[in-house]
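User: I've just opened this model and I'm new to it. Could you walk me through what the labels rest on?

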Amino acid sequence: MRAVKTIRGWCLPSMQNSTIAPSEVTELVSGLNRLARNIWWTWNQEAQELFHELSPRGWQNLYHNAVAILHEVSEQELRARLQDSEFATRVRDVIRRFDGYMNDPKTWGAENAPQLKKNPVAYFSAEFGFHESLPIAAGGLGVLAGDHSKSASDLDLGFVGVSLFYREGYFQQSFNHENWQTEYYTLLNPRNLALEPVLDAKGNPIVLSVEIAMSTVYFQAWRINVGRIPIYLIDCNRPENEQRFRDLTLRVYGGDSTTRIMQEILLGIGGTRLIRALGVSPSVFHMNEGHAAFLVFELLQEKMSGGMKFPQALEATRKECIFTTHTPVEAGHDRFTPDLIDYALMKTQQQLKLGRSEFLGLGRVDVKNEQEPFCMTVLALKASRAANGVSELHGQVSRHMWKELYPGTPEDKVPIGHITNGIHLLGWMKGPVRRYWRRKLSSTEQTTSSSGETTRFWNRSSNDWENEINNPEFWNKMADPNFISDEEIWALRYRLRRELIEFARRRLLLQGQRMTQGDFIAFDHLLNVDALTIGFARRFATYKRAPLIFQQFENIVRLVNDKQRPVQFIFAGKAHPRDDDGKRFIQHIIHLSKYSELKGHLVFIENYDVHVARQMVSGCDVWLNNPRRPLEASGTSGQKTSCHGCLNLSILDGWWREGYDGTNGFAIGDDSHPADIEEQDRVDSANLYRALTEEVIPKFYNRDANGIPREWIKMIRRSMVTLVAKFSTSRMVKEYTQKYYLPK
């Protein structure tokens, strides 16, 4: 009996004859190819398992890339594999769920922001961090942009993204014999990525141009399908361009300030021209950091060419734009010399018919200071109807930083608000944890009201769990030991710690390129599955102070060698190629891991990426974050830990200042900091050691007769209840929509 397709999906074939008709196999092959070209699969566990099953080794070696897997597996093999009725049934189910997701009419966006469907949000970001298979982001800014986009899709907002296609992406990291970071780059092949070219009605690439200095630079675009929404990536690798212009989209933040300004012209001006060419009429332009602020010039040009005078055009542009600033670090705000602006934007200035001082004044705090550099943040602030930082404290810091732009305005009235960052929960949740929570959401739970009269059943179908996972009501259940026992939580924590340590052993073995049998045995004893495992993974910017814990070196040595209460550390991260101080931090930590008494208790995993991050935020018991306050605008790595049962140990900066309540993790110091940097480092180092020895270690090792750390697990429960739903991009994007995206 053949399988029969119905309106709602597929009926299962008869057990007597499970042969699938060729036409049905063709449809499944087409569905898998369609699925691979939409990165929805990166946050759907069942979809990933299908591609993994097709080629386990390919999945491991090709950065978990669904498109590359389908190129690895021939169509002949794929069609044969689909004759396995159990596998074919799972493929049908995933495709049905994908189609249901894409076509669901009952969404948050449809109910709360239907006007954005016609006039969407245009979200400009210099980087997007989606997945390890598409390494076109340098760090947290890009990961935030990627998570923002995924939640915009989940909520079904009218939303398009714009960025650049960096064909060598961000660098790959290795270390020389002196443990010094070295960088190398690998070419990204669009054919093997979840990209599709942006074509015109005749099937040819849409080619547009921007004016840079005396030249015309041509570009095409690629589209990433992120669930329901598109992200467009500008690519200058066109035969019409000189090589120096073809290489503008070679690397993330590559080159000097001249390269940077040209990339930002492409992003802002070129990106605006691209979405116009695609027929998109945004209701709002959202600049994610100042890199995109040159889009202001294109919007001004459109309005002035239509007859508006400059003041009216600027006011009209301001009504269309919003701006998010992400850094309280001065060096994080792009500034260009007046001469470089003159050179790179001469055509733009001529088109706007503005005098040099007036043009440069758009990017200056003091418009009369002819020596002041042109600041992209200043341009964005001057041309936006709303601006925000990415945490409450960062909003305060930003108002202080930019108060001179608003003379006569009290600092607390400076028009920069805040929306605290979050994370895309499904995208960061590790596979075993996804399956675990899915089982919990699919189980039946009887609840009796305080009156004793009402009985309610928590019973969700397994296919609906994605809709519940951002629901605070679900995470509130974590406080109930009848819903999930201490023993279940502790079993999950042991499983995740084991997976991280075995992952670290494999990676460290490969890093050393030591493949003898004896070395396999030695690495199998590296790290301790029973030990308190502390993780630190992020960009190695110096203000994040990665080596701070090791200022207490002799004390830390005693802790790691304590046979009764052992502690171990796993570090990962990249320093910017031109940040020698950050590289020295990495070198110091690797040196300690190899040549000091911390050997075996401290490891550094090289080539940090989304995959390494996912392993670490799930497997560590404690997530360490010790930035020099208040320089952590928000930070999101610690937000990724809570759903896995990992606890935060952090300075009260960025998001943790809002998340910490005294019962859901650990604070390093209080809600203040010394003004003197050296004093701050000394005090924070002492407070970190005190918190570790007086709070963290005792709670972790305080076990009952069954070996369960009840107080520790109580903290895990509180962390899940108070942090997971609150610090998600689902909450964050709703807040952006209601506060900034929808017209007032």
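User: Which residues is Phe571 in contact with, once its neighbours within four places in sequence are left aside?

Analyst: Contact means heavy atoms within 4.5 Å. On that rule, Phe571 is in contact with Phe536, Phe540, Ala546, Ile549, Phe550, Ile589, Leu602, Val603, Phe604, Ile605 and Met616. Do bear in mind that this is a predicted model, where local features need pLDDT of at least 70 and side-chain atom pairs count only at pLDDT 80 or more, while totals for chains, interfaces and linings use all residues. Residues are numbered from 1 along each chain as its sequence is written, and side-chain values use heavy atoms, with hydrogens and water left out.

User: What makes a set of residues a nonpolar core, and which residues have the most contacts inside the largest one?

Analyst: A nonpolar core is a set of buried Ala, Val, Leu, Ile, Met, Phe, Trp, Tyr and Cys residues joined through side-chain atoms within 4.5 Å. Buried here means under 20% relative accessible area, exposed means over 50%, and partly exposed is in between (1.4 Å probe, protein chains only). The largest core has 234 residues, and those with the most contacts inside it are Phe51, Phe294, Trp437, Trp475, Phe571 and Tyr741. Helix H23 (residues 486-512) gives the most to this core, with 9 residues. Helices are DSSP runs of H or I with at least four residues, strands are runs of E with at least two, and both are numbered from the N terminus. Apart from that core lies another, of 6 residues, including Leu652, Trp656, Ala667 and Leu723.

User: How do you know whether the radius of gyration agrees with a compact globule?

Analyst: The radius is taken over C-alpha atoms, and the globule rule is 2.2 Å times the number of residues to the power 0.38. For 744 residues a compact globule would come out near 27 Å, and the chain has 27 Å, so the two agree. Along the principal axes, the C-alpha atoms fill a box of roughly 80 × 75 × 65 Å. Buried residues make up 59% of the 744. The chain's secondary structure comes to 31 helices and 24 strands.

User: Why is the pair Arg438 and Glu46 called a salt bridge?

Analyst: A salt bridge is a side-chain nitrogen of Lys or Arg within 4 Å of a carboxyl oxygen of Asp or Glu. Arg438 has a relative accessible area of 14%, so it is buried. Glu46, at 18%, is buried too. By this rule the chain has 54 salt bridges.

User: What makes Ile39 count as buried, and what does it touch?

Analyst: Ile39 is at 6% relative accessibility, so it counts as buried. Its place is the loop between helix H1 (22-36) and H2. Not counting residues up to four places away in sequence, Ile39 touches Phe130, Ala194, Ile224, Asn225 and Val226.

User: And why is Thr377 called buried?

Analyst: Thr377 has a relative accessible area of 1%, so it is buried. Thr377 sits in helix H17 (residues 376-382). It touches Glu289, Phe323, His333 and Trp402, again leaving out residues up to four places away in sequence.

User: Where does pLDDT stay under 50?

Analyst: pLDDT is the predictor's confidence in each residue, from 0 to 100. It stays under 50 over residues 1-16 and over residues 453-458. Where pLDDT is low, the predicted coordinates should not be read in detail. The chain averages a pLDDT of 92, and 93% of the residues score at least 70.
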